[in-house]
Structures are given as structure tokens and as C-alpha cells.
Amino acid sequence: MQEKLQQLKNEALPAIISVKTAEELESLENKYLGRKNGELTELMKGLKDFNPEEKKNFGQILNEIKKELEESINKKREELNNAGFAEQITKEKIDLSQPCLPKKESGHIHPSSIVQKQLEDLFTSMGFMVLDSSELESDYYNFEAINIPPTHPARESQDTFYIKNHENWLMRTHTSANQVRAMEKYGAPLRMITPGRCFRNESTDARHEHTFYQMEGVVIDKNINFGHMKAVLETVAKNLFGPETKVRLRPKFYPFVEPGVNGEVTCLLCGGKGCSVCKHTGWMEIFGAGMIHPNVLNYGGLDPKVYSGFAFGFGLTRLVMLKYGIDDVRLLQSGDLRFVKQF
Ligand code: PHE
């Protein structure tokens, strides 16, 4: 037995040392120490046939050899790993003379999105939630539920794109279409804005576009009055155009509010003195607003005897044009990189 052990050791150790690859090492490990049929393992299994004295003796020698083999296998494994790493590093040499890759063009934010985000930040800081809504809308929410029945003349100023064979569906003409949807979904009290794309069947020119952006706002609670509305709109105007900005509200008819107003701010360019941009009035129209009509509250499932509220709609596209001095609305959707890259 002792001889066998000595022989195994003399054979195994040099074999391990001269191994060149991880695979070879593994098969040697299996050959000697493998759970099944490993030479050393088999010898250990055979110990049971010896008398107690021999068992103890050989057992000890066996364990020592096993330890020695394991140690030298581990050492070898580490050596092979390090060698592999070194080889990899020499292969991965960096060639500093190589020309660098062409710079990838990175996109940037469209001016309409910049202004939208600025307003969203302001309104959320005042406790408004921001709601999304679909651009394809039903006749009901876009017109009927906000007090514009089928025969109402107000429809004439908001012609839009209808869906063939689905006359009750249209591209929404204003973000007001989301007023009643929001009331149905969230009830009262409600404080929300809803920005988004709107559509009208317009012949386009420098001031008109068939596709544009608006931002609607709705506040509903008990005892909401006209003063609350004015305060919110003044805060927004000053935030957008500076603390000196004045707001002027003049009566205007919108079927879904009563009373309704047309909101103007002092002209950005001339500060109110009068110039060509404000058509020499000193004022620029940027929103429509008013106290929500009782019929609309009813459509939204809210009792107008309990709740009151106001709504406003900013012409987001118009704000963008004013902010950046853009004189042709069509540029905003032209996809012309020479234009978009300036922001
Ligand atoms: N929806 C109106 C428009 O598109 C604007 C508006 C919104 C007016 C809310 C009053 C209240 O012209």
C-alpha cells in the first residue's frame, strides 16, 4: 500500500506541474481526486479492508497526499489564470494613432417641449396634476359635453379632421376636450393641467397651422371664484415673461365658460408701448379662460350648486413663438434641422 501511495505521488505531482492548459489540469484532477474512480479516492475507499492500526497509518498518509495534490492543483490553476489574463492584455493593446470614431449626433429638446416642460414644472409646484389625453377624440367630449351641441354656431370656428365612416370621431380641436373626461375620472376637488396637440382644418400661413399645441387647466372645488382664476393666470404670466408683466382680461364668449375672458399680457417686445408684433396695441393674446359653465359641471357629474371652478387654455404654440421670436408658425413642425438646432 505504502509503495502504491508513493508511486501515485511521484507520478501525480510532476504531471500537475507540467500541465499547459486548464482542460488538462481538470482531467488530471479528475484522474486522481475525482469522486468517481479517482485513483486516490479509490484507495481511500479500500481502507476499510485493513486492520485498525494500518487504517490509521495509511489514512494519515492518504490525507497528506490528497492535501499536497490539491494545493499544487490550486497553485497551477492560478498560474494558468494569470497567464491567460496577461495574454489578453497584450492582445488588447491600444493603438493611440488610430483616428477616433465619428461623433454621433445627439438629439435635443424641441422648443415646444421646452416651454411645455417649464409650464408643467410651474403648475405642479402649485399642486396641479398633469394629465395626458388622446388626440383622436369623440364628438361628445370635444363639443357636446362642454356645452357645444351639434347645431351650435361655435362649431363653425373649429372645423377639424373627421374619421371616414366614423363621424363621431375627430381630431380634437382643443385641449378643453379633456375637461369632462377629467371630471368623470377624478371628481372634485380637481386641479389639473392637460397639455397636448390639437388640430383644425385651417389653410396654413405664418400665423395659422392645422396642428398646434395647447395647455388646458381646470380647478374645481367649493367656493372657487373669479379672483382665484385671475391670481393663477397672473402667476403664470409673470413666471413666463417676468415680474413686470401685466395681465388684461376682457370678456369673450366661449360656450363652456360663464363669464368667459380673453387673456392678454403686456407685449414682450415693446413692453406695452406698441409695436408691429402686438399690432400697436401693447397687448398680446395668449389664453382663453372663464368660470366653468354649470352645464359642463353637470356633464362631468358634479353638482354646480356645490362646486364651482375655472378653466383656462393657453396657446402653447403661440407662447413658444413669443418666447423665441419665431415669426412663422409652420417652422415648428417643418422638421427642418437648420431651425430646430438653434434651441
Ligand atoms: N378651448 C378654447 C380655445 O381653444 C380656450 C379656452 C379654454 C377658453 C378654457 C376658455 C376656457 O380657444
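**Close-up views of the ligand site and its strands**

**View 1. The residues around the ligand.** In this predicted model, the ligand is surrounded by 13 residues, of which the closest are His 174, Ser 176, Arg 200, Gln 214 and Glu 216. Sorted by class, the shell around the ligand consists of 6 nonpolar, 5 polar and 2 charged residues.

**View 2. Polar side-chain atoms facing the ligand.** Two of the closest residues, His 174 and Ser 176, each place a polar side-chain atom beside a nitrogen atom of the ligand: the distance is 3.1 Å for His 174, and it is 2.8 Å for Ser 176. Two or more residues of the shell are contributed by each of the elements E6, strand E9 (283–292) and strand E10 (308–315).

**View 3. Strand E10 beside the ligand and between its partners.** E10 supplies the largest share of the shell around the ligand, namely 3 residues, and this strand is itself mostly covered, with 6 of its 8 residues buried. E10 is joined to E6 by 8 bridges, and the two strands run antiparallel; within this pairing, Val 219 has Phe 310 of E10 as its bridge partner. E10 is also joined to E9, here by 5 bridges and again in an antiparallel arrangement, where the bridge partner of Gly 290 is Ala 311 of E10.

**View 4. Strand E5 and its neighbours.** Strand E5 (residues 190–199) has 8 of its 10 residues buried, so it is largely enclosed by the rest of the structure. Its pairing with strand E6 (residues 211–221) comprises 10 bridges, and these strands run antiparallel. One of the bridges links Thr 194 to Glu 216 in E6, and Glu 216 also belongs to the residues closest to the ligand. E5 pairs with strand E1 (residues 129–130) as well, through 2 bridges and with the strands running parallel; here Met 129 has Met 192 of E5 as its bridge partner.

View 5. E6 can be followed from E5, to which 10 bridges join it, across to E10, to which 8 bridges join it. E6 is also among the elements that give two or more residues to the shell around the ligand.

Technical notes. Residues are numbered from 1 along each chain as its sequence is written. This is a predicted model: local features need pLDDT of at least 70, side-chain atom pairs count only at pLDDT 80 or more; totals for chains, interfaces and linings use all residues. Side-chain values use heavy atoms; hydrogens and water are left out. Buried means under 20% relative accessible area, exposed over 50%, partly exposed in between (1.4 Å probe, protein chains only). Helices (H or I, at least four residues) and strands (E, at least two) are DSSP runs, numbered from the N terminus. Two strands pair if DSSP finds at least two bridges between them. A residue is near a molecule or strand if one of its heavy atoms lies within 4 Å of it. A polar contact is a pair of N or O atoms within 3.5 Å; within protein, one must be able to donate a hydrogen and the other to accept it, and residues adjacent in sequence count only if both atoms are side-chain atoms. Ala, Val, Leu, Ile, Met, Phe, Trp, Tyr, Cys and Pro count as nonpolar, Asp, Glu, Lys and Arg as charged, and the others, Gly among them, as polar.
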